[in-house]
Amino acid sequence: DIAWLLNIRGNDVHCNPVVLSYFCMTQDKAVLFANEKAFPPEVLEALGADGVRLEPYEAVYEYVNREIHAGETVLLSREKTNSNILKKMAEGVRILDQENPTLLMKAVKNPVEMENMKKAHIKDGAAVTKFIFWLKKHAGEEGLTELSAAEKLLEFRRQQENFQGESFDPIIAYREHGAIVHYSATEETDVPIRAEGMVLADTGGQYLEGTTDITRTIVAGPVTEEEKKYFTAVLKGHLRLAGAKFRYGCTGQNLDYLAREPLWRMGEDYNHGTGHGVGYFLNVHEGPNGFRWKTVPERKDCAVFEEGMITSDEPGYYAEGKFGIRHENLILCRKAEMKNQIQFMCFEPLTMVPFDLEGIDVSALQEEEKALLNQYHRNVYEKIGPLLEEEERAWLFEATKPVG
């Protein structure tokens, strides 16, 4: 919230471009408590010009005790505020226990942020598409493992302009490792990627233009009918949610069913939320928007969808000891038409990477689902094709051919 409000970024937290800090704002004062040595002179000058005073990080406790008096009102979130800060406040201070006002503002991206996020996803899409082509080409070769594949994807991302680092530790999970929802390979668990089965790749990047988060389940070689059945069911749910049109006022709890219905119809499910909010060159997980079939009080991610909110669409299926499947795009909430005094809303895909046609049982797709997939793949080829080498582009042309 502080990074967003002051338009500053740092590297104090792994993968999250934030600054360790506190911030206190009144009607006429704005005080930032942080390590002054971490700020370039031009940033300090810009903050000062905007009326922000910088004090040492540890000075926040003395400031709270000295500057906030009995009878005054402070807005803060008790569950997110350092308990020592609460202890330092004078008796008689009235606490208005609410979320930071910045939470919703931060979630609703402005037009410039929306356009920049699209640019970030086109660059990231080129990197991930190159990676998928490379992985399919080299699956089964000596030395190709989960860890080396993650390094190769990072190499492709580093080639993109304004890349700042990964948005979280990569999940490259081969075959049965894909069934472990938050698996991350280590030297002890790393396995070779053979030319058979599927690889689940859940990764993301930080760019000056925005934050990305994408999962693709990649067919490395022959797959079973069972794998194709569930690959297709998860894709159906993903496409239905991405293609939703709904009236303003809906939350993620209203829409989550769209993603789960194909699996629920089969008597199956996945044990995680369907989507989370994403920041603008900030944290890859941010509220208050999300997709979830039930209320989870501590998550607080069921806000009404507003135009400009960015949310992940990531249904999955996990067969313990066998394989895992997840299809994830980031989608941008937009206004659709206004009809009969009702504002309708829809989603626009930001992520631009093909879904693996080799994993799809086309006969299980409904006509509307085929149309959604074909339209998405047309967009991918149009936006990503020009950024690829000739061999990669020829492969992408085949990888985005219409299904019918």
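**Figure 1. Phe-281 counts as buried because its relative accessibility is 10%.** Buried means under 20% relative accessible area, exposed over 50% and partly exposed in between, with a 1.4 Å probe and protein chains only. This is a predicted model, in which local features need pLDDT of at least 70 and side-chain atom pairs count only at pLDDT 80 or more, while totals for chains, interfaces and linings use all residues. Residues are numbered from 1 along each chain as its sequence is written, and side-chain values use heavy atoms, with hydrogens and water left out. Phe-281 sits in the loop between strand 13 (275-277) and strand 14 (286-291). Helices (H or I, at least four residues) and strands (E, at least two) are DSSP runs, numbered from the N terminus. Not counting residues up to four places away in sequence, Phe-281 touches Arg-9, Pro-17, Gln-164, Gln-206, Tyr-207, Leu-208, Gly-210 and Thr-211; contact means heavy atoms within 4.5 Å. The C-alpha atom of Phe-281 is separated by 8.4 Å from that of Asn-16, 265 residues apart along the chain.

**Figure 2. Strand 14 contains Pro-288.** The peptide bond that joins Gly-287 to Pro-288 is cis, and its omega is near 5°.

**Figure 3. Helix 6 and helix 7 (residues 146-158) pack at an angle of about 140°.** Their axes are 8 Å apart. The axes are lines fitted to C-alpha atoms, for helices over the stretch in contact, and angles run from 0 to 180 degrees between N-to-C directions. The angle makes helix 6 oblique to helix 7; angles under 35 degrees count as roughly parallel, over 145 as roughly antiparallel, 65 to 115 as roughly perpendicular and the rest as oblique. On the helix 6 side the contact is made by Asp-124, Ala-127, Val-128, Lys-130, Phe-131, Trp-134 and Leu-135, and on the helix 7 side by Ala-149, Lys-152, Leu-153, Phe-156 and Arg-157.

**Figure 4. The buried residues of helix 7 are Glu-146, Ala-149, Ala-150, Lys-152, Leu-153, Leu-154, Phe-156 and Arg-157.** They pack against helix 6, strand 6 (163-166), strand 7 (171-174), strand 8 (198-203), strand 9 (205-207) and strand 11.

**Figure 5. Helix 10 (residues 367-384) has 18 residues and reaches 25 Å from its first C-alpha to its last.** This is close to the 26 Å expected at 1.5 Å a residue, the expected span being 1.5 Å times one less than the number of residues. The buried residues of helix 10 are Glu-369, Lys-370, Leu-373, Asn-374, Tyr-376, His-377, Val-380 and Ile-384. They cover an arc of only 165° around the axis, so they lie on the same side of helix 10; the arc is that of the directions from the helix axis to the C-beta atoms. Glu-367, Glu-368 and Glu-382 are exposed on the other side of helix 10. Among the elements that cover the buried residues of helix 10 are helix 6 (111-138), helix 8 (225-242), strand 18 (329-339) and helix 11 (390-399).
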